[in-house]
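Here are some notes for a first look at this model. Please keep the structure open while reading.

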Amino acid sequence: MMFWVLAAVMTVAVTISLLIPLARHRQTTTQVDDTDAYDVEVYHDQLREIERDVAGGSLSADQAEYARAEVARRLLKASRGENRSVYSSGGLGRIGQWVVILILPLVAVVGYLTIGNPGMPSQPLAARVVPAAPTNGGGDIRVLVAQAEKHLATNPQDGRGWDVLAPIYLGLNRMQESETAYRNALRLLGPSVARHTGLGQALFAQSGGIVTAEVQETFVAAQSLEPDNPLSAYFLALGLAQEGRTDDARSGFAELASNSPADAPWMPLVREHLVRLGGGEDMADQSAMAGPDAAAVEAAAEMSGEERMEMISGMVAGLDAKLRADPDNLPGWLRLVRSYMILGKPQEASDALARALEKFDGANEARQALMDAATQFGLEPKELEQ
Amino acid sequence: MIVELGHYALIMALATSLIQSVLPLAGARIRDNGLMAVAAPAAITSFLLILLAFIALTVSYVTSDFSVQNVWENSHSLKPLIYKFSGVWGNHEGSMLLWILILVFFSALVAMFGSNLPASLKANVLAVQAWITSAFLFFVLLTSNPFNRLNPAPLEGRDLNPILQDIGLAIHPPLLYLGYVGFSICFSFAVAALIDGRIDAAWARWVRPWTLAAWTTLTAGIAMGSYWAYYELGWGGWWFWDPVENASFMPWLAGTALLHSALVMEKREALKIWTILLAIMTFSLSLLGTFLVRSGVLTSVHAFATDPLRGIFILCILIVFIGGAFTLFALRAQTLSPGGLFAPVSKEGALVLNNLFLTTAMATVLIGTLYPLVLEAVTGAKISVGPPFFNLTFGPVMIPLLLAVPFGPLLAWKRGDIWAVTQRLYLAAGVSLLVALAVTYFATGAPVLAGIGIGIGVWLIMGSLTDIALRAGIGNASPSVMWRRLIGLPRSAFGGALAHFGLGISVVGIVAVTAFSTELVANVAPGGKIQSGPFTLEFKGLKPNSGPNYSELQGAFSVSRDGENIAEIVSAKRVYTARRMPTTEAGIMTTGPNQLYVALGDETPGGGTVVRVWWKPWVTFIWFGAIIMSVGGVVSLFDRRLRIGAPARRKAGAAIAEPTT
């Protein structure tokens, strides 16, 4: 409401400012504008300037004489007053008034209603982040993260802050930020097993599931601090498997399995790896597998690049079809958008995002999650109308 | 709410501009003073409205309001405050808004201070300005609206392109735009004169200061941009003949010609047609530059084709304004009364020569810039026209011009004596020749061209000093009289001499850097040493560091000369967290006019780091010269604008009556 009041005040003020000159000239009917008079003034100024130059010594007497003669000739010509314009305010001025009164508000209001977002408030970040904290009581993790980020922006040397934030990023699937946070924590607080393994996971996720040399180094560093760390053992063994050093990988996984309690949560995954690597069938328990995803991805690791892409594309297409049939599945949508981005199909990803947003129209929390995901994946959501 | 008010103000400004484009023009045609009088308040109102819009966008940036799409795309809550401000124009939409803001600011200035202009001229000028404003407002609102909103708003923005997070970016575009858009006023005056069919003395008096102001800011803007590219891109070069650079250089060349033309026009009422033509040409090139940079056509002709709306829109603006203005010129130019006459050898004649050389140079740059684009659009073949082309075409055109520059100011108006001038320049010529020979001699192995090039630079410097000395009456007046005359010289004389002096300084810098700089790529481990120029650099190793929105690896070098430690250089490789984008922060040490430039490359497996080191003697002269040129522009701008050029005395025997107007 306040917006429209201010907009109206603005419109009226602008309209009046344009009407004043039209109205003023209504009263003075005719006006003579001697166009040459402006030139005459310039020439008079120039003549005065010549005198000043002569007095200053930068113009000699005969130069000045020539200059004077030239200006005088122009002055004479201009003084004849051949270019006199007579202006008056005819009936057309009235048309001008109506043009202003009608066109101005019409263009402004119609234009704004077409492309503007009337009534949409400004949303400065400070207003969104800070007051939310006391009421939410730490409920919204994203707000907490934003607050921590704000704190670290001003205190980038606060190692504990980075240490707390890093695993949260990891959980939120914000791998790049997680990597930075872990690196900062390592730099400021020194090495620890948790920091090294966390950094390793963040790097692993960013490399698309490949144990790169950097990932390997990180887990080796963790292992040197705590030789029995299962995470390090797992990823190092996985790295060996990816390098094609099957025997070494198998013994790595076997060692991890023997060091772990039988009901450890990672055991099914380890067993499954052992099966793939062609050892320890006796330990394999197909029913306890970590899920089809892990198996499929592992299978994919052994295919050629082309086959793998085909398989993944097939899975994503399946998910897409499933969501078309049953769209009320937010995690599914998030996974789909992400999968398309990973497959390098931004067009499909933004299409999926648009469909998801349409589906969750009105459910602000879900939309927010989608928007955040989009931001995180570097996707550009189309401009969203209210 | 401020965001939406800003948006509304922007649309309101379009409505006002539309009225300002039509009513005053109609008023001037049918001689209705009421309609003409609408122009001034409309111009001032448009300025206030667009200022409000600009403030609204700035507030959104400063408060990190990510519900504004433009802010979300180009800002980040952790970005330092100064880059939140500069981020407003560090992107397409915002920079177009700044463009328009400057445009209407200039219109408002004409509206407020134009009381000494004939009424119809003022009305026409403001109407033409309003056409440009309306066209660009349509463009912004329909294709590049900075006020598009996002709902719900993302929590964090995507940050400004890191290479743009620099103080250079905060200053460079506004300066450049002040220049580009400043020429719009000259354009509007030219078109208004063509519509009216006459050019008054008052016209000339107005156009020259605008040209000067625009030229001054453009010069400073280009120099700034060049220095920014030099230290931020980490390639060690200061000019790349890149289309974006050419886009600003072409208006500068045409603008320089316009500046000299306008000078003749103001003082002698000659070269009227030239001035009009150059005014149209200069602004057309500014528009072309805007098109090249803003349409995406430079990234790839195909990128232009996938999102054609923006490009086609600017192309239409281009065709309408440039085509319209040149058509009008073709139709009306002959109705303008020709200006004063002059002999071929005279200051006027020298300036015509200057115009011809500058426009030719501009044409070579234009061809070098557009030819690859046209070729790609037509045949799909991608070629790049690099420095070799420009060195072979632009260089040869500029050398005779540079040699001729010192003659110009010394020639008399109307009829000059080239031999007398040559005699008066003998000292300058002698000194330049000596310096050229000395450089050739001392730089054994250096190309003789370098000596000649530096000679040309010194020739310009000495020529400008000779000009001032002669005006003060050196040799034929007592010291006290000389001093008095020196003080009494018009500021425009100092301004002109300063500009030519600065040009000489830049030429010396360009030649010296081209001929004498050394580049070295080395793989060094901590403790390793590199020899560059007279200095020894010792690599101290890499250490991580983090800033507000980036983390970096800093490489420190201690610099010593003859075993004595004199300085520390820190060069860095940064990664900006939000975009995961690496940038190079070159480490630069300045000693006198020379610079030692260090850029870090990748780390190598053996624990070493690839380091590129340039020793660039006299490099700062390039920008220092440009700054002197701008200062010359400012000095000249503050001169009283009433001067006429006193013609030279006619020689005995040639006393035949000739008309002068």
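1. Start with helix α14 of chain A, residues 267-276. Of its 10 residues, 7 are buried, so the helix is largely enclosed by the rest of the structure. Buried means under 20% relative accessible area, exposed over 50%, and partly exposed in between, with a 1.4 Å probe and protein chains only. Helices (H or I, at least four residues) and strands (E, at least two) are DSSP runs, numbered from the N terminus. The buried residues of α14(A) are A:Met267, A:Pro268, A:Val270, A:Arg271, A:Glu272, A:His273 and A:Leu274. A:Gly278 follows α14(A) and has a positive phi, near 75 degrees.

2. A word on the basis. This is a predicted model, where local features need pLDDT of at least 70 and side-chain atom pairs count only at pLDDT 80 or more, while totals for chains, interfaces and linings use all residues. Residues are numbered from 1 along each chain as its sequence is written, chains are lettered from A in the order in which they are written, and side-chain values use heavy atoms, leaving out hydrogens and water.

3. Next, the cores. A nonpolar core is a set of buried Ala, Val, Leu, Ile, Met, Phe, Trp, Tyr and Cys residues joined through side-chain atoms within 4.5 Å. The largest has 162 residues, and B:Trp99, B:Phe189, B:Trp203 and B:Ile276 have the most contacts inside it. Helix α8 of chain B (residues 167-196) gives the largest share of this core, 16 residues. A second, separate core has 35 residues, including A:Met267.

4. Leaving aside residues up to four places away in sequence, B:Ile276 touches B:Ala190, B:Ala193, B:Leu194, B:Ile199, B:Trp203, B:Phe329 and B:Leu336. Contact means heavy atoms within 4.5 Å.

5. Then the sheet in chain B. Five strands form an open antiparallel sheet, in the order β2-β3-β4-β5-β6. β2 (529-532) and β6 (581-585) of chain B stand at the edges with a single partner strand each, so one side of each lacks a neighbour in the sheet. Two strands pair if DSSP finds at least two bridges between them. β3 (residues 535-546) and β4 (residues 550-561) of chain B are joined by 10 bridges. One bridge partner pair is B:Thr536 with B:Ser560 in β4(B).

6. Finally, the interface. The contact takes 94 residues from chain A and 84 residues from chain B. The two chains bury about 7900 Å² between them, 60% of it on carbon and sulfur atoms. Buried area is the accessible area (1.4 Å probe) that two parts lose on being put together, summed over both.
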